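This report goes through one structure part by part. Keep the sequence and the 3D view open while reading.

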Amino acid sequence: MEIIIYGTINSVALALMALGFALVYGISRIPNFAHGALYVITGFITWIFLRALNLNYAFSIVLAIIIAGIIGAFIYQFILIRVRGMSISEIIASYAIGLAILEGFRWGGFKGMTYTLPVFIEGTFFIGDIPVDVHRTLVVIIGAGVVTFLWLFTRYTRLGLALRGMAQDERAALMLGIDSDRMAVVAMAIGSMLSGLAAIVLLPLGNIVVEKGYDVLIQAIAVCIVGGLGSWVGAVLAAFIIGFAQILTVVYLGAHFQMVVALLAIILTLILRPSGLFGRQKELEERV
Amino acid sequence: MKIKFLAIVTCFLAVFLFMGPGGKALAQKPIIIGAPLSTAFLYGWSAEKGMKLAIEEINSKGGVNVGGEKHPLKVEVIDTRDLEPGVPVSEALLAVEKLILDKKADFILGGPVRSEAALAAMPLLSKYKKVSILSTGVLTPAYHKTVAKEYDKYKYCFRIHGEAVNIVGEMFANFNELRTKYGFNNLFIIAQDVSHARGAAKVMKSVAEKQKWNVTGVEIYPTGASDFSMGLLKARRTKSEIINIWMDMPESAILLKQWYDMKLPALPFGSTLAAAEQPGFWKATDGKGEYTLANVINAGNAPSEATPWTMKFYNAYAKRWGVEPEGLGTSSSYMAVYVLRDAIERAGSLDSEKVVAELEKTDIMGVYGRLRFDPKSHQVIPAKDPKDGVVGSILQWQDGKRVVVYPKSIAKGTIMLPPWMKK
């Protein structure tokens with residue numbers, strides 16, 4: 001029972017971490033290696049609003065997520081747009097931005113375990129004899145909500161349909177009058193906001209540390225590679241595979257093997273099925 | 001006329017500054033203390049602050065008397081990043097070498113902080129014949145055992161704070177008291193996947209079994225792990241009554257929050273539990289860390305009256321840095337500077353061989369007790385009473401305060417149980 005409960009929580013947490021990365025890559029084909037930095041920056045911004053400026057928690061959250069979106073849009077509009085289409089340059093540029101943000105925080109004295117956010121609702125309840133705290137339950141609910149929202153957004157809104165069009169075939173979308181650069185900015189902003197949302201939901205369970213940015217990036221990449229780069233449905237499925245694999249590893253092999261799971265998943269996927277579970281375009285190339 | 005007057009006053013001030021007792025020292029070549037520290041982590045920044053406080057105090061009194069000449073002390077800090085996950089030991093070695101060759105350090109104080117890095121740095125210190133006093137983080141017994149085994153090669157290496165074997169003894173003194181008082185018998189061990197913690201967990205398990213404790217599990221978590229739910233659930237399932245934690249990563253605060261959220265009926269008892277050592281822990285966990293016990297290795301890192309110098313240091317530190325001494329490495333790094341100063345003054349020279357000989361003769365009443373080094377292993381000599389040797393310090397978070405509960409000779413309170421596990 002505890003494996004099912006905590007496996008689900010862990011999987012949803014991984015899905016939240018990875019969705020922003022998957023969305024940006026799926027639409028604009030840009031691997032946003034600043035994803036982890038955007039996660040951490042949202043955490044610190046919320047902390048500053050809440051603890052240093054004493055703003056309302058909900059207001060701080062909304063403001064921080066909006067700022068994360070603006071930062072993401074700026075990163076694309078002023079930096080990534082110049083290297084778009086050059087895969088290696090995109091990786092180097094986005095990784096450099098992420099590095100600058102994270103190490104900038106470290107240099108600015110944001111270190112140690114004192115930067116924390118409060119949980120949304122205090123309390124613990126029992127499922128059978130397994131204790132589960134309310135905030136972890138909220139992680140699952142919010143995660144499910146985000147996936148549902150994304151599904152509806154990309155199917156029933158003009159913007160969502162335009163983004164899907166871009167993801168399916170950028171040239172065809174251009175012919176239909178969709179501005180690909182504008183859509184890429186929107187995708188980057190939404191991806192950054194998703195990264196920020198993940199931070200807001202997950203950071204109250206721990207503390208805001210610079211190192212978390214690197215960890216989130218690795219987890220997001222692992223999930224997206226296993227799920228198939230660009231497919232957010234694949235990302236959700238992969239999050240459940242890796243999430244449960246991590247929990248099973250802790251239970252049956254030992255906690256110190258937990259970190260290996262994500263990295264092993266990357267290696268195995270690249271060997272056995274380089275396109276991942278839902279990476280259809282690459283799959284065609286593989287067949288050829 | 002006015003300008004002439006100002007010029008004369010300026011000249012007098014300049015002459016006074018350079019010829020006065022303090023000024024004479026400032027004019028002399030400074031003694032460089034190289035400090036390889038992992039500055040983004042508690043054991044790094046607390047050591048840096050402790051060291052700087054001691055240096056400021058010594059310099060304000062004219063500096064160090066070397067054969068009749070006063071020299072000021074100067075610290076050069078390089079971030080080794082050795083406490084960060086995934087950073088290789090070679091980074092710390094480069095930092096040590098840079099301090100010696102580039103910064104021209106006369107002595108090495110503080111770190112490297114991670115045991116693996118400190119052990120790897122020993123041949124380097126031997127190669128350059130640099131006297132080093134470890135004052136933070138490194139708990140592995142292998143360090144002083146290596147000195148004892150190859151004295152001629154590693155005689156330059158000293159350690160001024162407690163080490164794992166002694167700490168294990170302190171922990172069991174408390175565990176056995178809890179067994180007598182509450183009938184506890186089930187011990188669960190959680191450790192970080194680093195040398196000293198893995199080693200300590202192994203020793204804890206072995207000693208516990210010898211002392212008839214039921215070891216219900218040993219979980220080793222990688223550095224940077226941020227979910228401990230399965231380990232804690234295992235502790236719950238096995239009806240553990242004490243969770244012994246060996247973790248210096250900041251994520252240990254997450255473990256303690258999870259422990260509180262689960263209302264786990266087991267007392268968290270940590271060593272090198274960096275998160276719980278710090279005064280900011282209470283605020284960082286919104287009070288969820290109450291009842292957590294942490295071994296801060298030496299007195300002075302939490303408030304007590306171990307010696308007349310303890311609270312004097314404690315208050316001076318709080319005044320200088322705006323925060324109380326924060327944990328392992330604070331009082332020991334402060335004392336390392338004073339011990340080195342005394343050894344240099346007695347030697348009347350900066351020569352490594354002479355300073356080593358004088359360090360071996362060290363016998364002063366410091367912040368955390370009587371400070372002496374074992375002449376063979378260069379490990380500081382521990383005791384339960386500060387009159388006999390250096391004393392440890394175990395604190396418990398009680399109502400937002402860090403209350404020292406061990407050793408009895410300096411305790412300010414007794415161990416309390418959380419309300420959900422009161423018997």
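This is a predicted model: local features need pLDDT of at least 70, side-chain atom pairs count only at pLDDT 80 or more; totals for chains, interfaces and linings use all residues.

## The five-stranded sheet

Chain B has an open sheet of five strands in the order E4-E1-E5-E6-E7, with parallel pairing. Its edge strands are E4 (73-79) and E7 (157-159) of chain B, each of which pairs on one side only. Direction ignored, neighbouring strands of this sheet are turned by 25° against each other on average.

Strand E1 (residues 31-37) of chain B runs parallel to E4(B), and seven bridges join the two. Leu37(B) stands opposite Asp79(B) in E4(B). Helix H4 (residues 89-101) of chain B lies across E1, E4 and strand E5 (107-110) of chain B, and runs at about 170° to E1(B).

## The seven-stranded sheet

Another open sheet in chain B has seven strands, in the order E9-E8-E10-E11-E12-E15-E16, and its pairing is mixed. The edge strands here are E9 (214-221) and E16 (401-406) of chain B, and each pairs on one side only. On average, neighbouring strands of this sheet are turned by 25° against each other, direction ignored. Helix H10 (residues 229-237) of chain B packs on the sheet and touches strand E8 (186-192), E9 and strand E10 (242-246) of chain B. The direction of H10(B) makes about 180° with that of E9(B).

E8(B) and E10(B) run parallel and are joined by five bridges, with Phe188(B) opposite Ile243(B) in E10(B). Five bridges also join E10(B) to E11(B), again in parallel, and here Trp246(B) stands opposite Ser271(B) in E11(B). Strand E11 (residues 267-271) of chain B is in turn joined by three bridges to strand E12 (residues 293-295) of chain B, and these two run parallel. Ser271(B) stands opposite Asn295(B) in E12(B).

## A closer look at strand E10

Is E10(B) mostly covered or mostly exposed? E10(B) is mostly covered, with five of its five residues buried.

In a regular strand, side chains alternate between the two faces of the sheet. Ile242(B), Asn244(B) and Trp246(B) point one way from E10(B), while Ile243(B) and Ile245(B) point the other way. The residues on both sides are buried.

## Where chain B meets chain A

In the contact between the chains, 29 residues of chain B touch 28 residues of chain A. The elements of chain B that give two or more residues to this side are E9, H10, helix H11 (252-261) and helix H13 (281-284). The largest share, four residues, comes from H10(B). The chain B side divides into 15 nonpolar, five polar and nine charged residues.

## The largest nonpolar core

The largest nonpolar core has 232 residues, and Ala18(A), Val223(A), Cys224(A) and Ala235(A) touch the most other members. Helix H1 (residues 2-28) of chain A gives the most to this core, with 17 residues. Domain 1 and domain 2 of chain B both give residues to the core, so it lies between them.

Leaving aside neighbours within four places in sequence, Val223(A) is in contact with Leu14(A), Ala18(A), Ala235(A), Ala238(A), Ala239(A) and Ile242(A).

## One residue of chain A: Ala68

Ala68(A) is found in helix H3 (residues 57-83) of chain A. Why is Ala68(A) classed as buried? The cut-off is 20 or more other C-beta atoms within 10 Å, and Ala68(A) is buried because it has 28.

Apart from neighbours within four places in sequence, Ala68(A) has contacts that include Leu38(A), Ile41(A), Thr42(A) and Ser192(A). Val40(A) is 28 residues from Ala68(A) in sequence, and their C-alpha atoms are 9.9 Å apart in space.

Conventions:
Residues are numbered from 1 along each chain as its sequence is written. Chains are lettered from A and ligands numbered from 1 in the order in which they are written. Two strands pair if DSSP finds at least two bridges between them. Axes are lines fitted to C-alpha atoms, for helices over the stretch in contact, and angles run from 0 to 180 degrees between N-to-C directions. Two residues are in contact if their C-beta atoms, placed from the backbone, lie within 7 Å. Ala, Val, Leu, Ile, Met, Phe, Trp, Tyr, Cys and Pro count as nonpolar, Asp, Glu, Lys and Arg as charged, and the others, Gly among them, as polar. A nonpolar core is a set of buried Ala, Val, Leu, Ile, Met, Phe, Trp, Tyr and Cys residues joined through C-beta atoms within 7 Å. A residue is buried if 20 or more other C-beta atoms lie within 10 Å of its own, exposed if 12 or fewer, and partly exposed in between; C-beta atoms are placed from the backbone. Domain bounds come from an automatic or database domain assignment.
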